[in-house]
Amino acid sequence: MTVTVRGLDVDLEGRPVLRDVSLEAPAGTWTAVIGPNGAGKSTLLRAILGLRRPRRGTVSVAGADPWALPPRRRARLVAYAPQNPNLPPGMTVFDYTLLGRSPYIPHLGRESARDRAVATEVLERLDLVGLAARPLDRLSGGERQRVVLARALAQQAPVLVLDEPTTALDIGHQQQVMELVDRLRRDDGLTVLTTIHDLTLAGQYADALVLLSRGRVAASGPPGEVLTGEAVGAHFGARVHVAPGPDGRPVVSLERSCGPR
Amino acid sequence: MKAREAARLRPVPLAVTALVLAAALLAALLIGPAGLPAGGVVKALADRLPFVHVDSGLAPVDRNVLFELRLPRVLLGAVVGGLLAVAGAAYQGVFRNPLADPYLLGAAAGAGVGATLVIVVMSDRPTFAVPLAAFAGAVAGVALAYGLGSTARRGGGSGTATLVLAGVAVSSFLASVQAFLQQAKAEELQRIYSWILGGLTLADWPTLAMIAPYAAVAVATLLLHGRLLDVLSVGDEEAAALGLSASRVRLTVLAAASLATACAVAVSGLIGFVGVVVPHVVRRLAGGSYRIVLPLSLLGGAAFLTVADLVGRTVVAPGELPLGVVTAFVGGPFFVAVLRAVRGEVDT
């Protein structure tokens with residue numbers, strides 16, 4: 001399902017956060033939104049999720065405006081894994097995954113056998129079956145991230161929105177989560193939108209990058225075109241060295257101001 | 001792998017809680033100053049069941065004591081306890097705050113003012129208007145506490161304790177309003193005062209009938225919202241991303257919990273801590289899902305208050321300890337324990 005954003009302005013409490021943002025994420029692709037802190041990345045994701053009302057411009061997910069959709073229909077279209085999820089202490093991994101079935105359960109109804117089967121299947125795919133009965137407060141950081149992903153996948157939505165999926169993970173778990181998302185994208189044809197701080201990681205996995213700076217799109221396109229030393233210098237205030245890695249994708253490394261003597 | 005079971009109310013905890021409640025009710029019916037024979041009481045009760053006919057051997061006087069004094073009082077205690085506990089659990093779900101309680105949120109005090117107004121203005125027997133006025137008062141009390149809590153939070157403080165502090169402030173304010181109303185109508189003072197301390201001394205069948213319809217609606221609504229409160233436990237924004245309109249659920253549950261509080265307060269005055277103690281114990285023993293916490297709190301709260309009332313009318317017999325005093329004696333220390341336990345989990 002294609003996600004299209006055109007000329008989007010979003011204000012938060014009267015303060016302009018996004019201005020004239022446009023992006024196009026074709027079905028089955030991975031788009032990473034990068035940018036310095038406070039650039040409006042999370043707000044852009046929330047607008048795509050239909051949780052923020054645009055002041056101007058349009059958001060379209062598979063041809064529909066997520067803000068105007070009834071919440072349940074919207075949640076069947078776009079799934080969300082937040083950066084700082086609330087994990088109710090005591091709730092089991094299975095029950096948490098089952099929350100992802102909410103958009104399919106009648107308002108005052110209960111889960112069907114099918115909902116439980118979907119949740120079980122998702123846990124199997126993410127290799128979490130052994131943790132199904134574990135309370136959320138007794139998980140490691142990497143497990144937690146996978147569990148949040150499991151809830152989002154249980155929504156069976158064609159568009160997956162992930163806010164900083166790798167924050168607070170060590171390098172091994174970062175790779176694990178990114179590989180997992182990539183596999184799911186290819187197997188299920190999911191359209192993936194993420195924000196991500198690690199520029200090299202973003203360049204490694206995303207088909208397209210959108211560089212957001214002060215609420216505006218500063219650059220967008222394939223990683224090799226967006227990730228340049230000048231762009232990173234201008235928008236992040238960082239001095240970096242960008243060189244193509246072994247697979248041709250850009251590798252961003254910081255430069256120390258006084259070289260070692 | 002076969003599909004797993006979700007968190008549900010399982011038969012065993014339900015049966016255990018129901019048995020505890022039944023035992024509490026029976027004990028409360030058997031013990032009392034009139035010294036009714038136990039066998040006769042059981043037979044007389046069985047005789048009232050459909051299709052059962054046994055001769056209880058109770059004298060008409062004793063039968064009167066049982067059916068016109070003890071039974072309504074015990075039932076009213078159970079109903080009030082169940083309502084307060086289930087309302088407490090629901091408030092905790094809505095505010096995602098384990099210390100929320102009808103008494104601490106200002107709901108009970110608000111209901112008190114509403115009920116007092118009606119008693120003062122209409123002055124004869126409490127009527128069907130009492131629960132409604134109490135309901136309006138309860139809603140106003142919660143709204144005030146929540147509004148105050150949110151404002152204070154924006155100023156810097158945050159979380160659990162702020163809401164409770166706001167609730168206490170609102171409760172004190174409403175208590176002073178209530179004091180004013182009482183003084184303005186001094187001849188009613190005695191009656192209202194004993195009512196404020198919390199008690200079931202006015203229990204009779206008409207009182208039970210007065211709150212029954214409201215209580216039934218409130219409880220049914222709350223029990224239906226267990227799953228949605230579980231969804232709400234991930235916070236408004238994530239709940240919205242899961243297709244839930246959080247504000248709609250919140251309003252419905254708040255209204256139902258306030259109605260339950262209002263029913264309880266309208267007939268028994270201000271009884272604190274039931275709404276904190278019972279859901280917390282249930283969570284510890286049976287699980288944190290609201291599909292478990294709500295129904296078991298209803299039964300557990302009924303058992304708790306039945307026992308509390310039994311204690312209140314026996315320990316200083318022939319006198320009576322006000323019910324609110326008994327629950328506060330148990331609940332106060334307990335509240336501190338809960339506060340300590342949750343400090344690690346939520347910001348205060």
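Helices (H or I, at least four residues) and strands (E, at least two) are taken here as DSSP runs, numbered from the N terminus, and the expected span of a helix is 1.5 Å times one less than its number of residues. What you have above is a predicted model, in which local features need pLDDT of at least 70, side-chain atom pairs count only at pLDDT 80 or more, and totals for chains, interfaces and linings use all residues. Residues are numbered from 1 along each chain as its sequence is written, while chains are lettered from A and ligands numbered from 1 in the order in which they are written.

**Helix α6 of chain A**

Let's start with α6(A), residues 171-188. This helix has 18 residues and runs 26 Å from its first C-alpha to its last, close to the 26 Å expected at 1.5 Å a residue. Which of its residues are buried? To settle that, count the other C-beta atoms (placed from the backbone) within 10 Å of a residue's own: 20 or more makes it buried, 12 or fewer exposed, and anything in between partly exposed. By that count, the buried residues of α6(A) are V177(A), M178(A) and V181(A). They sit on the same side of α6(A), because they cover an arc of only 95 degrees around the axis; the arc is that of the directions from the helix axis to the C-beta atoms. As a reminder, an α-helix has 3.6 residues a turn, so residues three or four places apart point the same way.

The other side of α6(A) has I171(A), G172(A), E179(A), R183(A), R186(A) and D187(A), which are exposed. Among the elements covering the buried residues of α6(A) are α5 (141-154), β6, β7 and α7 (199-205) of chain A. After α6(A) comes G189(A), with a positive phi near 65 degrees.

**The sheet in chain A**

Two of those covering elements, β6 and β7, also turn up in an open sheet of six strands in chain A, with the order β5-β6-β7-β3-β8-β9 and mixed pairing. Two strands count as paired if DSSP finds at least two bridges between them. At the edges are β5 (78-81) and β9 (216-221) of chain A, each pairing on one side only. Neighbouring strands of the sheet are turned by 15 degrees against each other on average, direction ignored. Axes here are lines fitted to C-alpha atoms, for helices over the stretch in contact, and angles run from 0 to 180 degrees between N-to-C directions.

| Strand pair | Sense | Bridges | One facing pair |
|---|---|---|---|
| β6(A) and β7(A) | parallel | five | L160(A) and V192(A) |
| β3(A) and β7(A) | parallel | four | W30(A) and V192(A) |
| β3(A) and β8(A) | parallel | four | T31(A) and A208(A) |

L77(A) belongs to helix α2 (residues 71-77) of chain A. With 21 other C-beta atoms within 10 Å, L77(A) is buried. Setting aside its neighbours within four places in sequence, L77(A) is in contact (C-beta atoms, placed from the backbone, within 7 Å) with V61(A), A62(A), A64(A), A157(A), P158(A) and V159(A). L77(A) and G189(A) are 112 residues apart in sequence and 13 Å apart in space, C-alpha to C-alpha.

One of those contacts, A62(A), has a positive phi of about 50 degrees although it is not a glycine. A62(A) lies in the loop between β4 (56-61) and α2 of chain A, and is partly exposed, with 16 other C-beta atoms within 10 Å.

**Chain B**

Chain B has a residue of that kind too: F51(B), not a glycine, has a positive phi near 70 degrees. F51(B) lies in the loop between α2 (38-48) and α3 (60-95) of chain B and counts as exposed, with 4 C-beta neighbours inside 10 Å.

How many residues of chain B are in contact with chain A? The count is 22 residues of chain B, against 32 residues of chain A. The elements giving two or more residues to this side of chain B are α9 (226-232) and α10 (236-241) of chain B, and α10(B) has the largest share, four residues. By class, this side of chain B has 11 nonpolar, six polar and five charged residues; Ala, Val, Leu, Ile, Met, Phe, Trp, Tyr, Cys and Pro count as nonpolar, Asp, Glu, Lys and Arg as charged, and the others, Gly among them, as polar.

Note on methods: Contact = placed C-beta atoms within 7 Å.
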